[in-house]
Amino acid sequence: MSLTLIITFIALLGSLYVFCPSSAELPWFEHPAKPDGSLSFLVVGDWGRRGAYNQTKVAHQMGIVGEKLKIDFIISTGDNFYDDGLTGVDDAAFFESFVNIYTAPSLAKQWYNVLGNHDYRGDVEAQLSPVLRDIDSRWLCLRSFIVNAEIAEFIFVDTTPFVNKYFTDPEDHVYDWSGIQPRKSYLANLLKDVDSALKESTAKWKIVVGHHTIKSSGHHGNTHELNLQLLPILQENEVDLYINGHDHCLERISSTESGIQFLTSGGGSKAWKGDIDWWNPKEDKFYYDGQGFMSVQITPTEVDVAFYDIFGNVIHKWSTSKQLYSAL
Ligand SMILES: *[C@@H]1O[C@H](CO)[C@@H](O)[C@H](O)[C@H]1NC(C)=O
């Protein structure tokens with residue numbers, strides 16, 4: 001991302017965000033926790049279908065849960081607009097799949113969005129454009145960025161360019177790779193930036209968000225490239241949660257080789273019923289192949305995750321805790 005673009009972002013974001021100059025190269029936003037130090041947010045992925053496939057029902061329940069948990073923001077794990085991203089900043093899909101769908105007052109919070117593979121089949125720059133933010137101030141989508149929320153640090157990673165098959169076997173899809181060439185140095189720089197951001201972070205909880213799975217029992221399964229390239233960095237830096245979409249389900253995998261929880265929230269609209277490939281019963285903790293979303297509540301000592309179906313039922317819960325003062 002060019003410096004002018006970053007400056008434009010800062011100018012447009014106004015007083016809500018402070019851009020912190022840091023040795024990390026990724027754009028950086030501050031999102032202060034609540035006065036009591038806690039934080040809560042919802043995660044939805046793979047959603048933009050003009051309300052169809054239960055998207056509207058998921059949105060409705062997100063509104064109710066968002067109110068109850070007094071959420072601070074919403075994370076979208078990508079595949080924001082089906083089938084082929086946005087055609088431009090004036091694409092009506094922005095209204096039909098986002099503005100007019102997530103209308104509950106509790107969802108009138110900042111949305112932190114990453115791009116999915118379907119978004120790369122459209123005009124990528126449109127989703128990144130500050131013009132969308134003028135239309136709906138909740139919208140913020142960048143390729144990769146950092147959100148510092150004091151007790152937790154979020155690193156959003158652009159995962160689509162890692163996946164070889166989109167380049168070698170794009171089928172009849174046309175991907176907009178204009179912003180990521182040359183690919184090799186784009187990926188190398190991104191991995192370096194993620195690594196240094198994690199190393200510099202002093203936050204109690206480290207959370208990485210990307211569109212693609214690292215570990216999943218769903219239709220797409222594991223993303224080989226991320227297992228090879230991104231996972232070692234997450235393990236080395238003791239990341240707590242890796243949050244993704246891409247598989248159209250709700251899922252939690254607890255790895256035996258590290259403390260990372262792999263959380264999939266890709267149930268924002270069309271779900272893939274029955275398309276499961278159980279691969280490791282020791283690590284597969286929860287899998288739901290209908291629609292829904294996830295909530296996360298964080299305090300300095302505890303993380304509570306819950307998954308919801310389209311009726312708002314909690315269908316799975318998981319918590320973890322850390323000492324207030326960890327031995328360094
Ligand atoms: C909507 O959700 C209900 C309940 O899970 C499910 O029975 C139905 O098939 C879903 N509809 C679509 C179009 O996916």
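His248 counts as buried, because 26 C-beta neighbours lie inside 10 Å. A residue is buried if 20 or more other C-beta atoms lie within 10 Å of its own, exposed if 12 or fewer, and partly exposed in between, with C-beta atoms placed from the backbone. The model is predicted: local features need pLDDT of at least 70, side-chain atom pairs count only at pLDDT 80 or more, and totals for chains, interfaces and linings use all residues. Residues are numbered from 1 along each chain as its sequence is written.

His248 is found in the loop between S9 and S10. Strands (E, at least two residues) and helices (H or I, at least four) are DSSP runs, numbered from the N terminus. Not counting residues up to four places away in sequence, His248 touches Asp46, Gly266, Gly267, Lys270, Ala271 and Trp272. Two residues are in contact if their C-beta atoms, placed from the backbone, lie within 7 Å.

His248 also belongs to a "binding site" annotation in an unreviewed UniProt entry, together with Asp46, Asp79 and Tyr82. These residues are spread over 203 residues of sequence, yet they cluster in space, with a largest C-alpha distance of 13.0 Å. UniProt positions are given in the numbering used here, feature names are shortened, and annotations may be inferred rather than shown by experiment. Asp46 is found in the loop between strand S2 (39-44) and helix H2 (55-68). With 31 C-beta neighbours inside 10 Å, Asp46 counts as buried. Its contacts beyond four places in sequence include Asp79, His248 and Ser269.

Asn117 sits in the loop between strand S4 (110-113) and helix H4 (124-128). It counts as buried, with 21 C-beta neighbours inside 10 Å. Leaving out residues up to four places away in sequence, Asn117 touches Asp79, Thr160, Tyr166 and His211. His246 lies in the loop between strand S9 (241-244) and strand S10 (250-254). His246 is buried, with 28 C-beta neighbours inside 10 Å. Among its contacts beyond four places in sequence are His211, His212 and His220.

The ligand is surrounded by Tyr53, Asn54, Ala271, Gly290, Gln291 and Ile310. A residue is near a molecule if its C-beta atom, placed from the backbone, lies within 6 Å of it. This shell has 3 nonpolar, 3 polar and no charged residues.

The protein chain comes to 9 helices and 15 strands. Two strands pair if DSSP finds at least two bridges between them. Strand S13 (residues 293-298) pairs with strand S14 (residues 302-308) in the antiparallel sense over 6 bridges. Ser295 has Ala306 in S14 as its bridge partner. A hairpin through 3 residues joins S13 to S14. S14 also runs antiparallel to strand S15 (residues 314-321), joined by 7 bridges. Val303 is bridged to Thr320 in S15. The S14-S15 hairpin has 5 residues between its strands, and Gly312 in the turn has a positive phi of about 90°.

Buried residues make up 45% of the 328 residues in the protein chain. Of the contacts between residues at least 6 apart in sequence, 74% join residues at least 24 apart. The C-alpha atoms fill a box of roughly 50 × 45 × 40 Å along the principal axes.

Terms used:
Nonpolar A, V, L, I, M, F, W, Y, C, P; charged D, E, K, R; others polar.
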